[in-house]
Every structure is written in C-alpha cells, then in structure tokens.
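Please look through the sequence and the structure shown here before reading on.

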Amino acid sequence: MRVPIPLVTLGPLIVLSACSRPVSTVAPAPPRLVLETQQSGTTALLQAVSAVNDTVVWVSGHKGTWLRTLDGGATWHVGKVAGADSLQFRDVQAVSADTAFLMSAGVGDMSRVYRTTDGGDNWALLHTNPDSSGFYDCMGFWDSEGGVLYGDAVGGELVVMVTRDGGDSWQRPARLPTAQPGEGGFAASGSCVFTITALGVDRVWIGTGNSAVSRILRSIDRGATWSAATVPIVAGDASGVTGVAFRDAYIGVAVGGEIGKRDGRGDYVARSTDGGESWITGGRPTFAGAAYGVAYVPRASTPTLVMVGPGGADVSHDNGVSWTALDGSAYWSVGFSSPRAGWLVGPGGRIVHVRLE
C-alpha cells in the first residue's frame with residue numbers, strides 16, 4: 001500500500017519528509033458466529049422471521065401460528081390468528097413491538113394479508129387474493145404505510161401489489177415487465193421480496209422462478225415503476241430465486257435452486273454490485289439442496305451474509321463469492337437486527353439465536 005508523503009515547510013523552502021508510519025495490509029479476521037437454540041413453545045413449521053431490534057422479533061409459521069419475543073428470545077409468546085388455523089403464514093413483516101403484518105400462502109382465498117397494531121391481541125384481515133388461481137409468495141415493507149406484495153403470475157400477467165396506507169388498499173403498478181410463461185415465486189422464507197431505503201430512495205427487489213430464466217424485478221421509486229434483470233440461477237419448473245438480500249443500494253445477492261431436489265447442487269447463488277441491474281454467478285452452497293432464505297448482518301465489521309435451506313446454513317464474508325458451513329440443521333428463513341442478534345427458524349418450531357464474536 002502506498003502511503004502519501006507529507007510536506008513539511010521550513011521557512012521559504014518546502015522539503016519532503018521521508019517519515020511515514022507503516023500501514024498494515026492484513027485484513028481483519030472474519031467474525032465467529034455463535035449459535036444458541038431457543039425454546040419456541042411450538043412444533044409448527046416456522047417459515048419467516050422479522051427482527052425489529054435486538055429484543056423485539058416476530059416469527060410466522062403453519063397452522064395459523066405466529067410468535068413474538070420482547071426479550072431477544074429468552075421467552076417466546078405463541079399465538080394463532082382467530083379462524084386461521086388452516087393457513088400457512090409464510091411471511092411476517094414487523095414494524096414495532098405492536099405492529100406487524102402476516103401473509104398466508106395458498107391457492108385463491110387462502111392467500112391473505114393480516115395486520116395487528118396491538119401486539120397480536122387482534123388481527124385485522126386486510127386483503128384476500130381475488131384470483132381463484134392466484135398464489136401469494138412474499139411481501140416487504142419500508143415502514144408502517146408502504147409495502148409490496150408479490151404472487152405467481154395470473155392470466156399471463158405478473159402479480160405485484162403496492163400499498164401506501166398500511167395495507168388497507170392495494171394497487172397494481174401501471175406498468176410491469178411482461179411475465180414469462182409459468183413465472184411465479186417461492187413462498188419459502190418470506191425473503192423473495194426485499195425492501196430497503198438507501199441513499200434516500202425506497203428500493204425493492206423481487207426474485208422470480210418457475211420459468212425459462214430466473215429474474216429479479218426491481219423498483220427504485222417505492223414500487224411505482226419496474227424493470228427486470230436475468231439472474232444466473234438455475235431455472236425451469238420448480239426452480240429459481242427464493243431469496244434476495246442487499247447490503248446497501250448496490251451490493252446484493254440472490255439465492256435459490258431446484259425446489260424439492262434435496263440432493264441438488266448447482267448455480268444457486270447470484271451476485272450484483274450495481275443495485276440489481278446485472279448479476280453474475282456466486283459461490284455454491286456447502287449444503288445440498290436449494291437455499292431458501294438469505295440475510296446480511298447489518299453493521300457487521302466485515303461483510304457477513306447467512307444463507308439457509310433444508311440442507312443447512314452457510315456464512316459468507318465476501319458477499320457470496322464463497323461460503324463456509326455454519327450448521328447442518330434444516331432452516332427455512334434467517335433475519336438479523338445487528339451483529340449481536342440474528343435468528344434462524346425452521347421445522348418443528350426450531351429457533352436458533354445467532355451472534356457475532
């Protein structure tokens with residue numbers, strides 16, 4: 001590394017000083033991730049997690065189940081939405097300790113969006129899929145008012161819905177990219193829609209699959225207008241992108257694979273350094289099968305990215321170029337609030353707390 005040589009003034013003369021301190025070029029060692037199992041109080045399959053901060057976290061799952069902790073997972077409260085015992089809540093988006101949104105996935109009116117503003121004591125049904133053949137996959141919110149809902153294409157048209165009033169009403173953008181035959185999403189982890197406010201702009205990315213090529217749909221104006229980019233993740237029937245995560249406005253990853261192929265291995269990760277305009281192939285997971293969810297650790301000292309699936313969990317410290325095994329248990333989703341607090345969730349009510357050291 002070249003160090004600039006400072007100028008030292010002596011009277012009318014300027015002399016170059018040869019003194020400079022050596023600067024270390026050795027990169028800091030990546031942090032160690034510590035996992036600790038927590039007692040969820042349920043045996044339901046848990047498919048999504050949303051952390052408000054290090055203490056307030058919401059989780060959603062099957063059999064109409066939702067969970068909330070106010071103490072970082074030392075204790076979890078388990079609840080069910082009244083009249084929704086048959087629903088699979090495959091996404092949850094938390095706003096605060098009191099306000100959260102749940103999305104159920106299923107054919108037709110089994111796909112719904114609920115909201116609570118009193119910590120889960122009551123849930124209001126905000127929206128039901130109006131298409132009998134429709135299927136919602138995931139959602140994302142910037143705040144308590146603005147969000148995006150995504151579902152499988154219906155009638156040859158992409159299904160993207162935008163709300164600006166906290167889910168009370170939903171509208172389709174005036175113009176969307178043309179849908180590919182059979183294109184849709186995967187309600188695997190609640191992470192096929194990713195929202196972020198970066199550089200003063202509300203951005204959103206959506207991962208698609210089940211078509212000739214896998215794609216990322218992208219908006220940089222709070223869901224008003226959209227573009228599409230091809231992603232080098234395996235495509236075709238029951239294959240494609242399951243999760244998206246961005247570290248900032250530019251650096252992001254997409255993960256996925258061949259859903260249901262438990263021993264599958266291939267190009268299941270893609271990387272972007274230009275905000276999702278273009279994508280290149282990333283490193284392959286160490287575990288077999290598709291990756292379901294992915295999340296960056298916010299404010300980590302070095303880039304730290306965790307990817308999960310039924311085959312296990314991996315960590316990357318180079319934005320998805322390479323991966324190291326983290327755990328061999330099955331997980332569906334992952335979320336972090338800080339380097340001190342993250343959660344992995346999965347089958348049998350599994351919840352594991354993660355911290356960086």
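## Charges and surface

In counting charges, Lys and Arg are taken as positive and Asp and Glu as negative, while His and the chain ends are left out. On that basis this protein, which is shown here as a predicted model, carries 26 positive and 31 negative side chains, and the centres of the two sets lie 6 Å apart.

The protein exposes about 15000 Å², and carbon and sulfur atoms supply 52% of that area. Of its 357 residues, 57% count as buried.

## Overall build

The secondary structure consists of 29 strands and 0 helices. The radius of gyration is 22 Å, close to the 21 Å that the globule rule gives for 357 residues, so the protein is as compact as a globular protein of that length. Along its principal axes, the C-alpha trace spans about 85 × 45 × 45 Å.

Contacts can also be sorted by how far apart the partners stand in the sequence. When the contacts between residues at least 6 apart are considered, 50% of them join residues that are at least 24 apart.

## Aromatic rings

Rings count as a pair if their centres lie within 6.5 Å, and by this rule the protein has 10 aromatic pairs. In one of them, the rings of W58 and W66 have centres 5.6 Å apart and planes at 35 degrees, so this pair is classed as tilted. Both of these residues, W58 and W66, are buried.

Another pair is made by F101 and F141, whose ring centres are 4.0 Å apart and whose planes meet at 15 degrees, so the pair is stacked. Elsewhere, F194, W205, F246 and W279 form one aromatic cluster.

Leaving aside neighbours within four places in sequence, R340 is in contact with D54, H353, V354 and R355. From R340 to R222 the separation is 118 residues in sequence and 30 Å in space, taken from C-alpha to C-alpha.

T302 also has its place in a loop, the one between strand 23 (293-296) and strand 24 (305-309). With a relative accessible area of 12%, T302 falls under the 20% limit and is therefore buried. If residues up to four places away in sequence are not counted, T302 touches P28, P30, P31 and H317.

A235 is found in the loop between strand 18 (227-231) and strand 19 (239-246). Its relative accessible area is 30%, which means that A235 is partly exposed. Not counting residues up to four places away in sequence, A235 touches S211, A212, V213 and S214. The C-alpha atoms of A235 and V204 are separated by 22 Å, and these two residues stand 31 residues apart along the chain.

Note on methods:
Residues numbered from 1 in each chain as written. Predicted model: local features only at pLDDT ≥ 70, side-chain atom pairs only at ≥ 80, totals over all residues. Heavy atoms only, no water. Helix = DSSP H or I, 4+ residues; strand = E, 2+ residues; numbered from the N terminus. Rg over C-alpha atoms; globule rule 2.2 N^0.38 Å. Buried < 20%, exposed > 50% of the residue type's maximum accessible area, 1.4 Å probe, protein only. Contact = heavy atoms within 4.5 Å. Areas by Shrake-Rupley, 256 points an atom, 1.4 Å probe, with all protein chains shown as cover. Charge placed at Lys NZ, Arg CZ, Asp CG, Glu CD. Phe/Tyr/Trp six-rings, centres within 6.5 Å; stacked < 30°, edge-to-face > 60°.
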